[in-house]
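Look at the fold before reading on. The paragraphs below take it piece by piece.

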Amino acid sequence: MVKVKFLAQLRQDLGAQERELDINNITIIELLKMLTEEYNKPFLKLIEDDLLVIMHNSRVLDREELENVVINSNDIITLMPPIVGGSL
């Protein structure tokens with residue numbers, strides 16, 4: 001099983017904190033396409049607009065890596081909007 005965690009505003013938008021999926025040997029891009037169909041949320045567009053940070057087992061991925069990183073059983077994928085704003 002692969003765990004997909006949704007953080008911050010994305011959690012609220014999707015109404016889900018995390019999902020466990022019985023998937024193996026697919027790329028991050030393939031996973032995002034699956035999630036787009038399931039949640040009707042344009043994940044690939046969010047990436048293009050730099051509105052989504054993707055982590056694979058706690059490592060932040062660059063956009064160029066998304067087609068090459070393969071997800072395996074027991075991996076954790078974290079999706080979150082970028083952290084912005086705030087004041088000192």
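Helices here are DSSP runs of H or I with at least four residues, and they are numbered from the N terminus. By that rule, E30 belongs to helix α2. Keep α2 in view, since much of this account returns there.

The model is predicted. Mean pLDDT for the protein is 89, and 94% of its residues reach 70 or more. Confidence is not even along the chain.

Start with α2 itself. This helix has twelve residues. From first C-alpha to last it reaches 16 Å, close to the 16 Å expected at 1.5 Å a residue. Which residues of α2 are buried? They are I28, I29, L31, L32, L35 and Y39. These residues sit on the same side of α2, because they cover an arc of only 155° around the axis. An α-helix has 3.6 residues a turn, so residues three or four places apart point the same way. After α2 comes N40, with a positive phi near 55°.

E67 lies 37 residues away along the chain, yet the two C-alpha atoms are 8.1 Å apart in space.

Now turn to the core. In soluble globular proteins, nonpolar side chains tend to be buried together. The largest nonpolar core in this model has 26 residues. I54 and L79 have the most contacts inside it. Several elements give two or more residues to this core: β1 (2-6), α1 (8-14), α2 (28-39), α3 (43-48) and β7 (76-80). Which element gives the largest share? It is α2, with six residues.

Leaving aside neighbours within four places in sequence, L79 is in contact with V4, K5, F6, L7 and L10, among others. Its contacts also include L32 and L35. F43, L52, V53 and I54 complete the list.

T27 is found in strand β3 (residues 26-27). It counts as buried because its relative accessibility is 15%, under the 20% cut-off. Beyond residues up to four places away in sequence, T27 touches L66, E67, V69, V70 and I71.

Next come the charged pairs. Side chains of opposite charge can pair when their charged atoms come close. How many salt bridges does the structure hold? There are four. In one of them, K41 meets D13 at 3.4 Å, N to O. This pair links distant parts of the chain: K41 is in the loop between α2 and α3, while D13 is in helix α1, 28 residues apart. D13 is partly exposed, with a relative accessible area of 43%.

Another bridge joins R19 and E38, at 2.0 Å, N to O. It too links distant parts of the chain, with R19 in strand β2 (residues 18-21) and E38 in helix α2, 19 residues apart. R19 is partly exposed at 24% relative accessibility, and E38 is partly exposed at 45%. R59 and E65 also meet in a salt bridge, at 2.7 Å, N to O. R59 is partly exposed, at 41% relative accessibility.

Definitions and conventions. Residues are numbered from 1 along each chain as its sequence is written. This is a predicted model: local features need pLDDT of at least 70, side-chain atom pairs count only at pLDDT 80 or more; totals for chains, interfaces and linings use all residues. Side-chain values use heavy atoms; hydrogens and water are left out. A nonpolar core is a set of buried Ala, Val, Leu, Ile, Met, Phe, Trp, Tyr and Cys residues joined through side-chain atoms within 4.5 Å. Buried means under 20% relative accessible area, exposed over 50%, partly exposed in between (1.4 Å probe, protein chains only). Contact means heavy atoms within 4.5 Å. pLDDT is the predictor's confidence in each residue, from 0 to 100. A salt bridge is a side-chain nitrogen of Lys or Arg within 4 Å of a carboxyl oxygen of Asp or Glu. The expected span of a helix is 1.5 Å times one less than its number of residues. The arc is that of the directions from the helix axis to the C-beta atoms.
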